[in-house]
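Biologist: I am new to this structure and would like to learn how to read it. Could we begin with the packing of a helix?

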Amino acid sequence: MALEPHVAAYTIWAPMNIAVLKYWGKRDPVDNIPLNDSISVTLDGVAAPLGTRTTIQMRPAESDSIAISINGVDYTDCLARKIERIMDGMRQASCIQTRFQVSIASENFSPTASGLASSASGFAALTAALGLHFKLPINTGLSRFARLGSGSAARSMAGGFVKWTAAGDADTCAVQLHDEFHWPQLRCIIVHFNSHGQKEVSSTEGMRRSVATSRLLQCRIEPEGMAEKARRFEEALREKDFCKLGPLIMQDSNQFHAVCLDTYPPLLYLAGESHRVIKMVHRINEAQQPPVAAYTFDAGPHPVLFLLEQNLGAVLAELQALGLDAKIIECRVSGGPRVC
Ligand code: PMV
């Protein structure tokens, strides 16, 4: 359908990302300022795309209004408020001051709100599309706007390996550590359990509860310890050293879920099947030197395994042998958002 001449339209594809050093806890819950540094890998599916494609249409109007459809379902309320804040920030940063009637149509190619980062690619795609309209370049500078939608979206504004530092308050931005070509042998397998849908406690509510009640969280975010941990992650990534990286990933995921358990009431994101995969990974790593796989879990039960390409076959066979009721999704490191 042809657009009216004064209506502008933009379509963006944005990838998902999975944190290897997890962000958990907000210093400022409105602006999504994190309490700790995080590091992620930007990912796309090997067999089918994983991420979000978003089209926006911008029609000049007297006041802002926003209509949102995600996978064909209409959304309003809190999402619209977040998008208004992103637009206000971009208006301040650009020379375009006009108000708009915005219609947003998003298609998510990842399991929405199941604890697998769909809000990251969703807000990254939307931010990049709005950035095009406000004539702001698509780069990590836009991550301070993406962050207003969802913290982890800040890291989907770049491809490859990305760090989001807690320092910097309102200007806290993600930075690219290495691009997507840095470590082509690094692969990832997402195990998405069919019997687990939407997560029971959102990450926003989970973080609020952990900040209010978990003393273990206070130990986790202690500045010197956190800086040293981030430094070790960066070193392992720079050197492309899976022997160093694997244990760091697993220990950080375990510590994050220990904080969840230390939260009151506890956040029980892992399921029985998650523990079966954890045990399987330790079993095969003990049998093999150097280790072949590392697991990490976001705010949900679905394991994400990192491994080197040469071990894909062996790890997939071990997963098959567990007989899980799950979709097994192979991924590789991806570039950042792009115009479609
Ligand atoms: O920003 P959110 O609401 O997508 O929270 C992300 C929280 C974790 O996925 C558990 C960790 C992370 O750093 O992505």
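Predicted model: local features only at pLDDT ≥ 70, side-chain atom pairs only at ≥ 80, totals over all residues.

Biologist: Which residues of helix α4 (residues 203-213) are buried?

Modeller: A residue counts as buried when its relative accessible area is under 20%. In α4, this applies to G206, M207, R209 and S210. The arc they cover around the axis is only 165°, so they lie on the same side of α4.

Biologist: Which residues are buried in α6?

Modeller: The buried residues there are M226, K229, A230, F233, A236 and L237. Their arc around the axis is only 125°, which places them on the same side of α6. These buried residues pack against the strands β1 (8-21), β4 (38-45), β9 (161-164) and β10 (174-178), and also against the helices α5 (215-220) and α7 (242-262).

Biologist: How many residues does α6 have, and what span does it reach?

Modeller: Helix α6 covers residues 223-238, which makes 16 residues. From its first C-alpha to its last it reaches 22 Å, close to the 22 Å expected at 1.5 Å a residue.

Biologist: What is found at the ends of α6?

Modeller: The N-terminal end of α6 is capped by E222, which has a side-chain oxygen 3.2 Å from the backbone nitrogen of E224. After the helix comes K240, with a positive phi near 50°.

Biologist: I would now like to consider a single residue in a strand. Is S106 buried or exposed?

Modeller: S106 is placed in strand β8 (residues 99-108). Its relative accessibility is 11%, and therefore S106 counts as buried. The side chain of S106 is joined to that of T54 by a polar contact of 2.5 Å. Leaving aside residues up to four places away in sequence, S106 touches T52, R53, T54, S69, I70 and N71.

Biologist: Let us turn to the ligand. Which residues come nearest to the ligand?

Modeller: There are 14 residues around the ligand, and Y23, G151, S152, R155 and S203 come nearest.

Biologist: Where do polar atoms of the protein lie relative to oxygen atoms of the ligand?

Modeller: In G151, a polar backbone atom is 3.1 Å from an oxygen atom of the ligand. For S152, an N or O atom in the side chain is 2.6 Å from a ligand oxygen atom. D298 has a polar side-chain atom 3.4 Å from an oxygen atom of the ligand. Taken alone, the ligand exposes 380 Å², and the protein buries 92% of that.

Conventions
Residues numbered from 1 in each chain as written. Heavy atoms only, no water. Helix = DSSP H or I, 4+ residues; strand = E, 2+ residues; numbered from the N terminus. Expected span 1.5 Å × (residues − 1). Buried < 20%, exposed > 50% of the residue type's maximum accessible area, 1.4 Å probe, protein only. Arc of directions from axis to C-beta. Contact = heavy atoms within 4.5 Å. Polar contact = N/O pair within 3.5 Å; in protein donor to acceptor, adjacent residues only side chain to side chain. Near = heavy atom within 4 Å. Areas by Shrake-Rupley, 256 points an atom, 1.4 Å probe, with all protein chains shown as cover.
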